[in-house]
Amino acid sequence: MSRRLFTLVLLCSLTATAPALAQTDLSGWWARQSQNDNGYSNDPVDLIGIPVSADGRAKALSYNIAALSATERQCQMYTPWYIVFGPFPLQIIPEQDPVTQKLLAYRIMGWGDRGEQTVWMDGRPRPSPNAPHTHGGFSTGTWEGNSLKVVTTHFKMGDMKRHRAISSDRATMTYTLTRHDDLLTVTGILEDPVYLAEPFVLTEIFQLSSATSFFPLTACEPIEELPHLHENPALVPHYLPGKNPFMNEMTRKKGIPLEAVMGGPETIYPEYRKKLKDSYKAPEKCLESCGGPPGAGRGAPPPAAGGRGGAPPPGRGAPPPK
Amino acid sequence: MKRPIKPWKNAAAGSALFLTLLSGALGWSGRAAAQQAGPADGLDVQQLRPNLYLIAGAGGNIVAQVGPIGVVLVDSGSTQAAPRVLAAIRRLTPLPVRYIINTSMERDHVGGNDLLTSSGLSILPGAVAAGAGLSDTLVSNAGKASVLAHENVQTRMSEATGANAYPFPLWPTKTFAFHSYSMYLNGEGYRVIHQPAAHTDGDVVVEFRRNDVIATGDLVDTTRWPVIDTARGGSVQGTLDALNRLMDMTIFNLPIQWNDDRTLLVPGHGRVYDKLDLLEYRDAVTIVRDRVEDLIKEGKNLQQVKAANPTLGYRSQYGTDRGEWTTDKFVETMFQELSTRKPGGSGAAARVK
Amino acid sequence: MRAHTHGARRFRLRQGFGGRVSAAGLALVAALVPLQAQRGGGPPAGPARTVAPIDLTGYWVSIVSMDWRWRMVTPAKGDYSGIPMNAASKTVADAWDPAKDEAAGEQCKSYGAPAIMSVPGRLHITWQDDTTLKVDTDAGQQTRLLRFAAAGTAAAPAGKTPPSWQGTSVAQWQMSSPGLALMLRPQERAADVPAPAAVRGGTLKVTTTNLRAGYLRKNGVPYSANAMLTEYWDVTKSGNDTLLTVTTIVDDPTYLRTRRLIAYPFKKEANGDKWDPTPCSARW
């Protein structure tokens, strides 16, 4: 064989750890870095920035957090959308066929309350619409330039904003992962014909890290949190229409008009500011969760470098508000 | 599929194990689903367990359990689809259909009884073995596969007349009258459990004990609100009781929550559920019931209750405005029952204040 | 196999791989392997407009789904959540007074380059010439000029222009690079052979310096004149929508403990029918 060919052989052998035909190496630990309000809220009713449909709004308003105490919900994992709005890092591992070294899939490892995702790169077909759904759903990936585009379906009904807004089991999540040096930008698009009036777009930034806190999926054993729920399993905690006691909290604390708190497609575009100008009055000062440098003495400290990784958010399984 | 926790450093061993597990994974990962899809016959055959299949697209969902003696079916789809269903079964196994269990008397669940039993084989002996004076028709369904249903199914079928009459070959050949009927057949333990006054008065759910699958019939329908046929003995409370009973019978994948081991539920129509899906469904029906009840307490009449849209938040997910069983019909049926219920009934106590 | 006696060191490989490899070949491998980690696109030949791997031109509208309460409305004084500010920054922010900014003619302080992408509004992106992308915003009526180095030259220096709200921006295309196909594989079955990966796409990287001190947030969270802004502009398609994501990195040792990292999504619009120029405002 020629010298050139042998050089190529060795080149390929030594680079065989990189996924075949991969445009960019996405593998590794990625610590959440973005400093935004994705996914969290201090207010029980908060749909701002979400283009919810009428059904999505009504479902969110009927939600009573005591429902989390039902046995089945205590250990319920979040949807794949949690990748963009949850607090956890990402661990991405390529899986290659042991014989051909062809890239079969990327695994985005499960973490805390988020199930593992397998992103199939081998062009396999999507499951039947009649197939059961899982927490992680079914994902396929393709390269668009140097971005990996992932489409996920077949995931369960679950949160699109933690304990505030719900996505249905007919939702589709499309997200692209684009690496810029040591940063990974994830742009997520959630489409839901049931609970969204138009696609919900969020972004998140992660940084390649070797020192990420580790909070793996662990076994979860539910307990009997609220005796009356377990004595009568037919009970379903919910708020009747118009009776959610927390509807006006965000307006009261932050001056945001109720219409905006209720979300909807109109509220996410710049022209909505014209409507807000006359109806919004900023509070005199920030009252809670104001951020600032550590030790500022007012409100919760801002996220430290490394994002919001670490312990899971409060609220899961907590007793319902009195 | 069990998936042990793998130390993140041990990527190579993890990869090998992952791929080994991958090759043995259940079929819905996509590739297996593609393998099971037959020709363009409008049917969707999904392998749920190694010997258990869903056949969708034949009217109501059909569950086929394939074993050493042949095939046991839960429901048989519509009459029009029966030839395609038979062809689909033949692609799974050359063995005959031995038994059909009907979950109700709905025509899209019993319509294939004739063809599928005729092409099958009875588990019972012929008349000669049973004794003189008894015909094969009586003893062994003339050698055809048997059909099991609750007694009320047979009663309703026999009462139907004129255009609504059920041809005799669709009727069950074996019935039971009380709570449940159990049997071991084809290597599987079957519990056929009556759900009184639910969708109708003749509904059963069929539990495959070894496979941990439950065929729910039309008690669960992912394409519309649960149909409540009051003319044939159905009721709102009975439906809710049945859904709660199903919750008790179902096991979710805890405590190893990334594990795929869990009870699967095959609804009368639509996709396969598990306990969490059933929970959402049960909750939606309960919440609508609570809302209608509350509106009735406020003195609202039917038109006012409909105008208040008590299904808002759940309507797009579970309801439809097409066909015979629309969201409006569902609300009407609820209103009729709840407005005649005495105050302080079980529904009133169910809501958390 | 016979050994050769040329100058470079040779290695005898196993029969499965055949022949021999030179040290030069190994050096080539060693040099190329790290490029696997990131996109490998070096500067393409030709003017920036001609070689653009993505089309940024057109009208783009902010999608305000993130940080709504800090972007759609002016947040309360003291609401600094999410920004890694330091004590010096807090001192400045606590003293925020929009009336003073108006009096000083500094209504545009929150429309500077490090913050402009967070302001709900529309972008109109055009080519001013073959090496300059022009980004107009209707909110605050700002203009950014993203200048590419001409082919064969180094990136243009900031020069002697005075600091401005939009600063001086240097742009470069980062091209997608093809992944390495693994050669000499066993012949694969036809069904398994993937379609050749079409290599398209790329990223716009923009570095901006020479800034006037301004606000990262409308309620006075500051950045200093020492701040440097790095952005990555990416285009993706989803269904009928074309999205632009601008990954924004602000380095400011004067006022920030760590980098300010956030990515803003925009959606492409068919035309400029909703273009709505509004002047800067210190209050809203």
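Colleague: Let's start with paired strands. Which residue stands opposite B:Ala149 in S7(B)?

Modeller: The general idea is that strands of a sheet pair through backbone hydrogen bonds, either parallel or antiparallel. In this predicted model, B:Ala149 faces B:Thr175 of S7(B). The two strands involved, S6 (residues 146-150) and S7 of chain B, run in the parallel sense and are joined over three bridges.

Colleague: What helix lies across S6 and S7 of chain B?

Modeller: That is helix H8 (residues 151-159) of chain B, which runs at about 95° to S6(B).

Colleague: Now the whole sheet, please. In what order do the seven strands of chain B come?

Modeller: The order is S1-S2-S3-S4-S5-S6-S7, in an open sheet with mixed pairing. Its edge strands are S1 and S7 (174-176) of chain B, each of which pairs on one side only. On average, neighbouring strands in this sheet are turned by 20° against each other, direction ignored. Helix H3 (residues 82-92) of chain B packs on the sheet and touches S1, S2, S3 (62-67), S4 (70-74) and S5 (97-101) of chain B. The direction of H3 makes about 30° with that of S3(B).

Colleague: And how many residues lie between S1(B) and S2(B) in their hairpin?

Modeller: There are two residues between them. S1(B) and strand S2 (residues 52-56) of chain B run antiparallel, joined by five bridges. To find one pair by eye, look for B:Gln47, which stands opposite B:Tyr53 in S2(B). Strand S1 (residues 44-49) of chain B is mostly covered, with five of its six residues buried.

Colleague: Chain C has strands too. What does the run of nine strands in chain C form?

Modeller: A closed barrel, which goes S1-S2-S3-S4-S5-S6-S9-S10-S11 with mixed pairing. From one strand to the next, the twist averages 30°. Within chain C, S9 (residues 228-238) and S10 (residues 241-251) pair in the antiparallel sense over 11 bridges. You can pick out C:Leu229, which sits opposite C:Val250 in S10(C).

Colleague: Let's turn to helices. Why does the span of H10(B) agree with what its residues should give?

Modeller: At 1.5 Å a residue, the 23 residues of H10(B) should span 33 Å, and its end C-alpha atoms are 32 Å apart, so the two agree. H10(B) is also largely enclosed by the rest of the structure, because 20 of its 23 residues are buried. Just after H10(B) comes B:Gly299, with a positive phi of about 90°.

Colleague: How do I read the place where two chains meet? How many residues of chain B are in contact with chain A?

Modeller: The size of an interface is often given as the accessible area lost when the parts come together. Here we can count residues instead: 48 residues of chain B are in contact with 47 residues of chain A. Several elements of chain B each supply at least two residues to that side, including helix H1 (11-23), helix H9 (236-249) and helix H10 (275-297). H10(B) gives the most, with 10 residues. By class, this side of chain B has 27 nonpolar, nine polar and 12 charged residues.

Colleague: Next, cores. Which residues touch the most other members of the largest nonpolar core?

Modeller: In soluble globular proteins, nonpolar side chains tend to be buried together. The largest nonpolar core here has 118 residues, and those touching the most other members include A:Leu47, A:Trp81, A:Tyr175 and C:Phe266. Apart from that core lies another, of 87 residues, among them B:Val205, B:Leu240, B:Phe252 and B:Val272.

How values were computed. Residues are numbered from 1 along each chain as its sequence is written. Chains are lettered from A and ligands numbered from 1 in the order in which they are written. This is a predicted model: local features need pLDDT of at least 70, side-chain atom pairs count only at pLDDT 80 or more; totals for chains, interfaces and linings use all residues. A nonpolar core is a set of buried Ala, Val, Leu, Ile, Met, Phe, Trp, Tyr and Cys residues joined through C-beta atoms within 7 Å. A residue is buried if 20 or more other C-beta atoms lie within 10 Å of its own, exposed if 12 or fewer, and partly exposed in between; C-beta atoms are placed from the backbone. Helices (H or I, at least four residues) and strands (E, at least two) are DSSP runs, numbered from the N terminus. Two strands pair if DSSP finds at least two bridges between them. Two residues are in contact if their C-beta atoms, placed from the backbone, lie within 7 Å. Ala, Val, Leu, Ile, Met, Phe, Trp, Tyr, Cys and Pro count as nonpolar, Asp, Glu, Lys and Arg as charged, and the others, Gly among them, as polar. Axes are lines fitted to C-alpha atoms, for helices over the stretch in contact, and angles run from 0 to 180 degrees between N-to-C directions. The expected span of a helix is 1.5 Å times one less than its number of residues.
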